[in-house]
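Please look over the sequence and the model shown here. The notes that follow take up strands, backbone angles, a cavity and overall totals.

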Amino acid sequence: MRRSKGFILAEILTVMLLQAGFILVLCGTFYLLVSFGSGTQQILTARERGQRVISYVDSRIKNAGLGMWRLTSSKQYRDVFDLFINEAGYKPLKIKGTEQLRLPVAITYQYKDVLTDSDLKVASPDETYENSDKHTIQYGNILTLLYAQRDLDRNFMIVNKSVIETETDPYKPKYELISPDEYKDDGSQFSKEDKVNKRKQEINSYAVMVGAGEPLFIENVPTKTNKKIELKFLDTITPTSANPIIISGDELLYLKCERLFAGKLDDEDTEKNFRFQKLTTNKYDYADWSERRPHERNILEIYMELDTETNILTLWVLASGGKDGRIHERPPYSRWPEKARWNNNEYKYHVIYISKASWKLNNIPNGFVWN
């Protein structure tokens, strides 16, 4: 009896099942690889976004309080810049009621996704807690910085030419600026006081120098034919008998003020961005905040803590790399602090990455009072 060389039905089905299983394994592996690659890319994107926010803050926080080491409390800062707080017209550094910003590094808190100018203005500056070392920690999600910035195109170095002026009025000395050889115009952002319109409410009317230790008011700026600049010390801090020293060769620096936060422009905005506002002058010649300009997209939150004993500022950035259709739990408190804002209705759908950085505020004098 001859044996059949064909396959029986059971054998054929077995082979087909094995092949189908192999194909399913390949498809599953391919799906996992694609999902893993997509998820990894989203995490890397979120990480890059967070790092760009940290870099933006880093370039400013290092110069916070630079050239103002004579000011030993936040109250003295408010006394110096009283024009931005209590003067008639707009009051960009004014906070609700009797509460005030604790400059030069002020942290405030607002629990909203859409942060309008009004919301930013009334954000609470008094959110604090005590850590395990019994240090007072200020915390919040809005950062206001008062910092010095050098001119990127030229160096404004001081040469003392004040023999006559210092004899007649020690508080209004004239100094000469050393600029590039081809000196046609100072081209600076400095602006003098308009004695007719009294435009004192302009941040560019102030300057700092590392050696002087306190802000100066610019009485007159250089022109094409006259390099001299008139600087006035603010006797709010230093009495005439203790006139600060200006060292020849010191550099004249701009004084800048910015407000940094993460938020939407309005209810129709689809994503939260890291935004900034610069202290500038509005059309009425009063100091005011600029528009809420975006710097980095898909930044869900930023959160800061300032240790008022050690003067160490820590920043956390909650960045999104996009959505992946899954539900994500709130990160543990060790990664995203308990007091940091978390909108579970929205953030749970995002692939997130938390970036963190800390800075020692070296320009803040020891014993500084954050009052």
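Strand β15 (residues 312-323) is largely enclosed by the rest of the structure, because 10 of its 12 residues are buried. Buried means under 20% relative accessible area, exposed means over 50%, and partly exposed lies in between (1.4 Å probe, protein chains only). Strands (E, at least two residues) and helices (H or I, at least four residues) are DSSP runs, numbered from the N terminus. The model is predicted: local features need pLDDT of at least 70, side-chain atom pairs count only at pLDDT 80 or more, and totals for chains, interfaces and linings use all residues. Residues are numbered from 1 along each chain as its sequence is written, and side-chain values use heavy atoms, with hydrogens and water left out.

**Strand β15 and its partners**

- Strand β15 pairs with strand β14 (residues 299-307) in the antiparallel sense, over eight bridges. Two strands pair if DSSP finds at least two bridges between them.
- Leucine 313 in β15 is the bridge partner of leucine 306.
- Four residues lie between β14 and β15, which form a hairpin.
- Strand β16 (residues 350-360) also pairs with β15 in the antiparallel sense, over 10 bridges.
- Isoleucine 352 in β16 stands opposite serine 320.

**Strand β1**

- Val105 and Ile107 point one way from β1, while Ala106 and Thr108 point the other way. All four of these residues are buried.
- In a regular strand, side chains alternate between the two faces of the sheet.
- β1 and β4 pair in the antiparallel sense over four bridges.
- Valine 105 has leucine 145 in β4 as its bridge partner.

**Backbone angles**

- Most residues other than glycine have a negative phi, and most peptide bonds are trans.
- Asparagine 311 has a positive phi, near 55°, and is not a glycine. Asparagine 311 lies in the loop between β14 and β15. With 5% relative accessibility, asparagine 311 counts as buried.
- Asparagine 298 is not a glycine either, and its phi is positive at about 55°. The loop between β13 (293-296) and β14 holds asparagine 298. Asparagine 298 is buried, at a relative accessible area of 10%.
- The peptide bond from leucine 103 to proline 104 is cis, and its omega is near 15°. Proline 104 is placed in the loop between α2 (74-80) and β1 (105-108).

**The cavity**

- How many cavities of 30 Å³ or more does a search of the whole structure find? The search finds one.
- On a 1 Å grid over the protein atoms alone, a cavity is a set of points where a 1.4 Å probe fits but cannot get out, and lining residues have an atom within 4 Å of a point. Grid points are joined across faces, edges and corners, and a volume is the space filled by probe spheres set on the points.
- The largest cavity holds about 60 Å³ of space.
- Its lining is made up of Pro92, Lys94, Ile95, Leu101, Thr108, Leu120, Lys121, Ile142, Thr144 and Arg259. Two or more lining residues come from each of α3 (117-121) and β4 (142-149).
- The lining of the largest cavity has five nonpolar, two polar and three charged residues. Ala, Val, Leu, Ile, Met, Phe, Trp, Tyr, Cys and Pro count as nonpolar, Asp, Glu, Lys and Arg as charged, and the others, Gly among them, as polar.

- Serine 55 lies in helix α1 (residues 9-61). Serine 55 counts as partly exposed because its relative accessibility is 47%.
- Serine 55 and alanine 357 are 302 residues apart in sequence, and 9.7 Å apart in space from C-alpha to C-alpha.
- Aspartate 82 is in the loop between α2 and β1. Its relative accessible area is 32%, so aspartate 82 is partly exposed.
- Aspartate 82 and lysine 94 are 12 residues apart along the chain, and their C-alpha atoms are separated by 9.5 Å.

**Totals for the protein**

- The protein has five helices and 16 strands.
- Of its 371 residues, 49% count as buried.
- Among contacts (heavy atoms within 4.5 Å) between residues at least 6 apart in sequence, 68% join residues at least 24 apart.
- The accessible surface comes to about 19,600 Å², and 52% of that surface belongs to carbon and sulfur atoms. Accessible areas come from the Shrake-Rupley method with a 1.4 Å probe; for residues, only the protein chains shown count as cover.

Key:
1 Å grid on protein atoms, 1.4 Å probe; cavity = no way out; pocket = protein on both sides within 12 Å on 5 of 7 lines; lining within 4 Å.
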